[in-house]
Amino acid sequence: MESILDRLKDKKLDTSTSNKRKLYIESYGCAMNFSDSEIIASIMADSGFQTTEDEMDADLVLLNTCAIRDNAEQRIRNRLIHLKRNKREKPNLIVGVLGCMAERLKDQLLEEEKLVDLVAGPDSYRDLPKLIEEVNDGAKAINVILSKEETYADLSPVRLNSNGVTAFISIMRGCDNMCTFCVVPFTRGRERSRDPDSIVLEAKNLLDNGYKEITLLGQNVDSYLWFGGGPKKEFKKLSTEEQASSVDFADLLERVAISVPGMRVRYSTSHPRDITDKVVHTMASHKNICNHIHFPVQSGSSRILDLMNRNYTREEYLEKIDMIRGIIPNCAISGDIIAGFCTETEADVEDTISLMKQSNFCYSFMYTYSERPGTLAAKKLQDDVSEEDKSKRLTKIIEAQNEVSKAINHGLIGQTLEVLVESEAKRGNADWKGRSDESIKVIFPKANHAIGDLVQVKITKATTTTLIGVPV
Ligand code: SAH
Ligand code: SF4
Ligand code: F3S
């Protein structure tokens, strides 16, 4: 019987353009969604669709959506209203909503809005060709069933909008944490890990195709655990044989790093409760694993962290930071912060700011709290910080982060960093843009370098977000 891995290896996409229907796909939200769009493109290619970058040229428009905050969903609604106008010009155009907003709103999107022909949640993409046939037959089509097993491990993603240098690889799906503010467990279902052999093979394929950097993706990579398939179990509940052959995240990271020598390996996202020193030691012992950890804290106040159900305190978070920097002294650490969560006070905000400074985050993604229907916080807590206060607090938090980033970046002036060239700084510009090992953006004159080169760059200037230098 043909194995999954044979299929992955042998799959060649038919790139002939005749008689192909055209798919335009737009991705929103996190890297996981962008990665899913590449799986969707692969499924649709097998069903005779070719991707196009021109929405007016498309027979099928798919929006792969995010539901993390209310404004993410508002953006999609506006896009759908715009697409309705395209539908008037092209009556056979099919518009589908996929991803997390599709999963959250389900048939509400078909019934109430009448803007959409097709709705598919994150675990039902294999069903898309069938759903499209149903739409062609005059029906509205929907599949929002979540799975405990689906990892799309056997599919070879079609790299979309690719620079040919950096790529994402999904290593797991779903999330079993119940952070009270978060909609992801509802939109992406139970956590499940993907077969490590298929991950390594995908990494090697990327290396063979000239890629220079991969990022392993999961909502909580530290709970990755493979013991031969099936729904997730805890390590201690595995049989002796399963334990002996199991692969945890540190093992997977090591396998990947060894199998793609010379290629940069990154990952996202770590959970402060679950990260282990084994993972950090693995990073330290493989030169090609980048010294950067995205380490979302959400708040610096233990009381708020408890209400968020993050399962760590401020002190425990800071201990993890010490553990990381004890093993990799120059490890870059970035954060995620939510301003204005339920019951947050000005004193809690001060705790967040002091933690950001103490952790020396190179950058952070910072948001105001947006209550999501159905989450534990929406059911049990009151969204009692005014929108005005949320914005003021966010501004304060952003200013604090800018100060920290500026100090870190200025401290790098005079140093030489290895930069992977990703693209032109601006279209038609004389400079390249790339990222350092620490994931800081670096701009330098092109000289005789090319996209995909690893270049030693001496840093001469710094801003809050960018380093500027010259190749040495
Ligand atoms: N799995 C990752 C985060 C996924 S969501 C983790 O646990 O860290 C990405 C970020 O969006 C979160 O870290 C959080 O900062 C933010 N976020 C999630 N839900 C939110 C909400 N309801 N309002 C505002 N920000 C939110
Ligand atoms: Fe959401 Fe928490 Fe899961 Fe991250 S770990 S996706 S914040 S529930
Ligand atoms: Fe958004 Fe879904 Fe990612 S809600 S952040 S696209 S997992």
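These legends describe close-up views of a predicted model.

**View 1. The ring pair Phe 249 and Tyr 267.** The ring-pair rule gives eight aromatic pairs in this model. Here the ring centres of Phe 249 and Tyr 267 lie 5.0 Å apart, and the planes meet at 70°. Planes over 60 degrees apart count as edge-to-face, so this pair is edge-to-face. Phe 249 belongs to helix α10 (residues 249–259), while Tyr 267 belongs to strand β13 (residues 264–268). The pair therefore ties together parts that are 18 residues apart in sequence. Phe 249 is buried, at 1% relative accessibility. Tyr 267 is buried too, with a relative accessible area of 5%.

**View 2. A cluster of aromatic rings.**

**View 3. Charges over ring faces.** Arg 69 sits over the face of Tyr 367, 3.6 Å from the ring centre. Lys 446 sits over the face of Trp 432, 4.8 Å from the ring centre.

**View 4. Helix α3 and its packing.** Helix α3 covers residues 70–89, which is 20 residues. At 1.5 Å a residue, the helix should span 28 Å. Its end C-alpha atoms are 30 Å apart, which agrees. Buried residues of α3 include Ala 72, Ile 76, Leu 80 and Leu 83. Glu 73, Arg 77, Arg 79, Asn 86 and Lys 87 are also buried.

Key:
Residues numbered from 1 in each chain as written. Chains lettered and ligands numbered in written order. Predicted model: local features only at pLDDT ≥ 70, side-chain atom pairs only at ≥ 80, totals over all residues. Heavy atoms only, no water. Phe/Tyr/Trp six-rings, centres within 6.5 Å; stacked < 30°, edge-to-face > 60°. Helix = DSSP H or I, 4+ residues; strand = E, 2+ residues; numbered from the N terminus. Buried < 20%, exposed > 50% of the residue type's maximum accessible area, 1.4 Å probe, protein only. Lys NZ or Arg CZ within 6 Å of the ring centre and 35° of its normal. Expected span 1.5 Å × (residues − 1). Contact = heavy atoms within 4.5 Å.
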